[in-house]
Structures are given as structure tokens and as C-alpha cells.
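Good morning, and thank you for coming. I should like to take you through one structure and then turn to its strands, its salt bridges and its surface.

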Amino acid sequence: MALQTATSFLPSALSARKEGAAKDSAFLGVRLADGLKLETSALGLRTKRVNTSSVAIRAQTTAVSSPSVTPASPSGKKTLRKGTAVITGASSGLGLATAKALAETGKWHVIMGCRDFLKASRAAKAAGMDKDSYTVVHLDLASLDSVRQFVKSVRQLEMPVDVVVCNAAVYQPTAKEPSFTADGFEMSVGVNHLGHFLLARELLADLQSSDYPSKRLIIVGSITGNTNTLAGNVPPKANLGDLRGLAGGLNGVGSSVMIDGGEFDGAKAYKDSKVCNMLTMQEFHRRYHEETGVTFASLYPGCIATTGLFREHIPLFRLLFPPFQKYITKGYVSEEEAGKRLAQVVSDPSLTKSGVYWSWNKNSASFENQLSEEASDADKAKKLWEISEKLVGLA
Ligand code: NDP
Ligand code: PMR
């Protein structure tokens, strides 16, 4: 049933500019002199053919059967139709594991929003996902045009959008100079926050029109953006300051590339972007939960030390990080387990509370976790929202 329609790829939008000072990349990124603070707390089955002529050049899709409302069974009892979940960055790591976990239930169809169509298709196949359980649609979060095109392509699939998971991310801890998205934003915040901000804002209307009983928008957060934890106190620490760099456009031309106005630091930019993700989830909750009934949630899935997230880190780090997390911090979690956790936030009937940042204890039981002061600052979340909507052209 799968019709593969690979058209051209979106050119990658990386460019390097000079800004800020070069950094040393010490093992585990920590120089002893930095003084580590130990603050603990701790879619009936219709077969749909995508009209490729109407899907603009950048969209690459695989058309599949789409789930719909299941009519009353012979017993007369209505069964829940298949849900459809959009997952960004589902070509590897947490996104792929979540897509697999959802697909395996037979109750979910996954729209995989990925920048590399072939990689995503191969990954889904290698993971053993049934070809009718997913659709790959091209999405490069480093381009706002691509995000808008993705939204159009998803709508052309004519599947409901029941859950959206903003999962994709880049981490550039060893970058000496910033790189930029197609729209000129520093890459980490541009992809992890601004691309997702536009995507989530656009797809909210689709979530709202879904008839699924529990509609959810999930933005993946992290412990490392929370300075009320030990992990969040490993330098460089997340800090958005007064958002002056963001307000200046993060372009390195007349403004800093860092949200707080400071010098470029790739690791900090990632952690700042995660604070933005967690603040954005809460602001969505405050603005839209009552009106739309959508559940907004974030999470820390555990330390998935083996994923592609660390691809740009030095080889020694990649070698020692997994055992360090397994045996020393005991924060390690496998990709499979982390995927089950995120799949729970997508689909578990008991996780409908909105505005929550979920974490898991050692027995893999979920609990509502406490965010840091900055990551729960409502004034900052509002300011972040207002600046972000200007930057992505929504205001
Ligand atoms: P991976 O690198 O394995 O996955 C990241 C995904 O994002 C990949 O599919 C990647 O695509 C995609 N991606 C990157 N840039 C873009 C872009 N410009 N447009 C579209 N997709 C893009 O990392 P993880 O699975 O670890 O990360 C997933 C999420 O989990 C992130 O939000 C991360 O912050 C979070 N997280 C991870 C933790 C960990 O320990 N690993 C801990 C806490 C949170 P491609 O395959 O083409 O590179
Ligand atoms: Mg961290 C309980 C302790 C704990 C946990 C759960 C993590 C998770 N880390 C912990 C502790 C420490 N880390 C300590 C004590 C150190 C100093 C040796 C340390 C170092 C460290 C580095 C250099 N840790 C890291 C890095 C990274 O480059 C990773 C990062 O920050 O990526 C942004 C990372 C992480 N530690 C974690 C988790 C989950 C990460 C991946 C971060 C993320 O995706 O947010």
C-alpha cells in the first residue's frame, strides 16, 4: 500500500558566522575550575494516494491507509479509531523508539516529520514498523518555510491530527562558532525552539478540530535545562536572562546569538532551548487548554546516553558517557524504555493532566516533576511567547 514519492530534498541551511570566543572541549565538558554546584532535589480504512503534484517540492511523503472512526463492532460497542500522532525527529533515538512503541500497539498511525526522508524510511523499516503504521513527511525545522510546507503536506494527507510531539533536537557542544538556520537564527534555538514553536502554533488548529477523545501537544524537555537538579548545574548552565539576544533575532548581526545576550556556547544554547521548550508548553497550557481541551505536556525521558544527540561530541565523551550514566549517576535509560515513556505521555489514558512536566522514577513509574524557577517563570514564558511569535512571523 505504500506509495513512495521522493521528490527533491531541502538543501540544508547551515552557515557559519564569526561570533563569540572559541571554547575548550574538556571531557564531559566540565572544567574543574568551573566549580560544580551540587543542588539536588532531585486515522475506515481508506487507501489514500498523495497528490504529488500538489505537494510542493520539499514534501516527501509515503501514502498509506489512514485510520478513521471505527463503526460499532458486532457487539454494538463503539471502538476507538486509530489515533494519529505527528512526531518530529522520528528518524532516530527517542523519536524512532516512540514511533515504534506506538505503531506496535496497532492503535496508532505515526506521521514521522523528518529532515532526511530516506534515513527515516530506512529507520522505520529496520525497526520493524509495519509499513501501514507510519507516513514519512519531510520536515526541516531549520527552515520556517519547510515547517509551513510540512503543515500543508500533513493536511493533504487528510488524516486527523490527534497528538503532536515536538521531539527533534540538535546539540552542538563542540562548535567553536555558531551555525544558523535558513532564517538566520542560531541553530540550536532555531531548530529546537523556534521551528517547533511555529509548528505547534500551526498544528494547534488541527488538534482542535480532531474528534479524538484525548488530544495532546507534547514538547520534549530535559533535566539539563532545570537548574534545580544536579544535572542542570553542570556548566554551562541554562539561563535566558532578559531574553535580549532572542529579541534581537539571535542572528549575530547587531545582536547576540545567545538568548541571554552572551557569547556563543553550543552546550548552553541547547540547554536554553530546552528551557524554551518547557516554558512554551506551560504558556500553551495557560492560553489554550481551557479553550481547546488539548493536553499540553513536557517530559524528561531519562538519560538516553546512546542516541545521535551526542554525535557532535568528542569520541572520548561518546565512549564514556553511557557507562558514566549507567553506573555512576544511574540516570541511564535505553532508547526502547525512553520510547515507552514518551509513548505513555502520548497515549496513556491516565496522563491527561495538562501543564505537566513528566518524569519517571527508578521503577519507571511516571510522576509530575518540579521545574526550576526559570523554567516555571510565567512572566518569562509570556515574554518568550511574544518574542517568538514575532520571530516566526505570527505577530
Ligand atoms: P537524536 O539525535 O537521536 O534524535 C534527534 C532527531 O532530531 C533526529 O531524528 C534528527 O534527524 C532530528 N533533527 C535534528 N535536526 C533536525 C531538523 N533541522 N529538522 C528536523 N529534524 C531534525 O537525539 P535524541 O533522540 O536523544 O533526542 C530526542 C529528544 O530527546 C530531543 O528533544 C532531546 O532534547 C531530548 N532529550 C534527550 C536526552 C538524551 O539523553 N538523549 C535527554 C533528555 C531529552 P536526523 O536523524 O536526520 O539527524
Ligand atoms: Mg550529565 C544525576 C546526575 C546526572 C544526570 C541524571 C545527568 C543527565 N547528568 C548527571 C550528572 C552529571 N553530568 C555530572 C555530575 C557531570 C559532570 C561530570 C555531568 C556531565 C555531563 C556532560 C558533560 N552531563 C551531560 C553532559 C552532556 O554533554 C550532556 C548534555 O548536557 O547534553 C545537553 C549531559 C547529560 N547529562 C544528563 C543528561 C540527560 C544529559 C543529556 C542532556 C539532554 O539531552 O538534555
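Let me begin with a definition: helices (H or I, at least four residues) and strands (E, at least two) are DSSP runs, numbered from the N terminus. By that definition, the protein chain has nine helices and 12 strands.

A word on the source. This is a predicted model, in which local features need pLDDT of at least 70 and side-chain atom pairs count only at pLDDT 80 or more, while totals for chains, interfaces and linings use all residues. Residues are numbered from 1 along each chain as its sequence is written, chains are lettered from A and ligands numbered from 1 in the order in which they are written, and side-chain values use heavy atoms, with hydrogens and water left out.

Confidence comes next. pLDDT is the predictor's confidence in each residue, from 0 to 100. Its average over the protein chain is 85, and 80% of the residues score at least 70. Over residues 1-72, pLDDT stays under 50. Where pLDDT is low, the predicted coordinates should not be read in detail. The model scores are ipTM 0.99 and pTM 0.87.

Of the 395 residues of the protein chain, 54% count as buried.

Strand β10 (residues 295-299) illustrates this: five of its five residues are buried. T295, A297 and L299 point one way from β10, whereas F296 and S298 point the other way. Which strands pair with β10? Two strands pair if DSSP finds at least two bridges between them. Strand β9 (residues 216-220) pairs with β10 in the parallel sense over five bridges, and R216 has T295 as its bridge partner in β10. Strand β11 (residues 356-360) also pairs with β10 in the parallel sense, over three bridges; there, L299 has W358 as its partner in β11.

Now to charged side chains. A salt bridge is a side-chain nitrogen of Lys or Arg within 4 Å of a carboxyl oxygen of Asp or Glu. The structure holds 16 of them. One joins E389 and R201 at 2.8 Å, N to O. E389 lies in helix α9 (residues 378-391) and R201 in helix α4 (residues 187-209), so this pair ties together parts that are 188 residues apart in sequence. E389 is buried, at 14% relative accessible area.

Others are local. R287 and E283 meet at 2.7 Å, N to O; both lie in helix α6 (residues 266-292), four residues apart, about one turn of the helix. Finally, R81, D162 and D211 are linked in a network of salt bridges.

L320 is partly exposed, with a relative accessible area of 33%. Thank you.

Technical notes
Contact = heavy atoms within 4.5 Å. Buried < 20%, exposed > 50% of the residue type's maximum accessible area, 1.4 Å probe, protein only.
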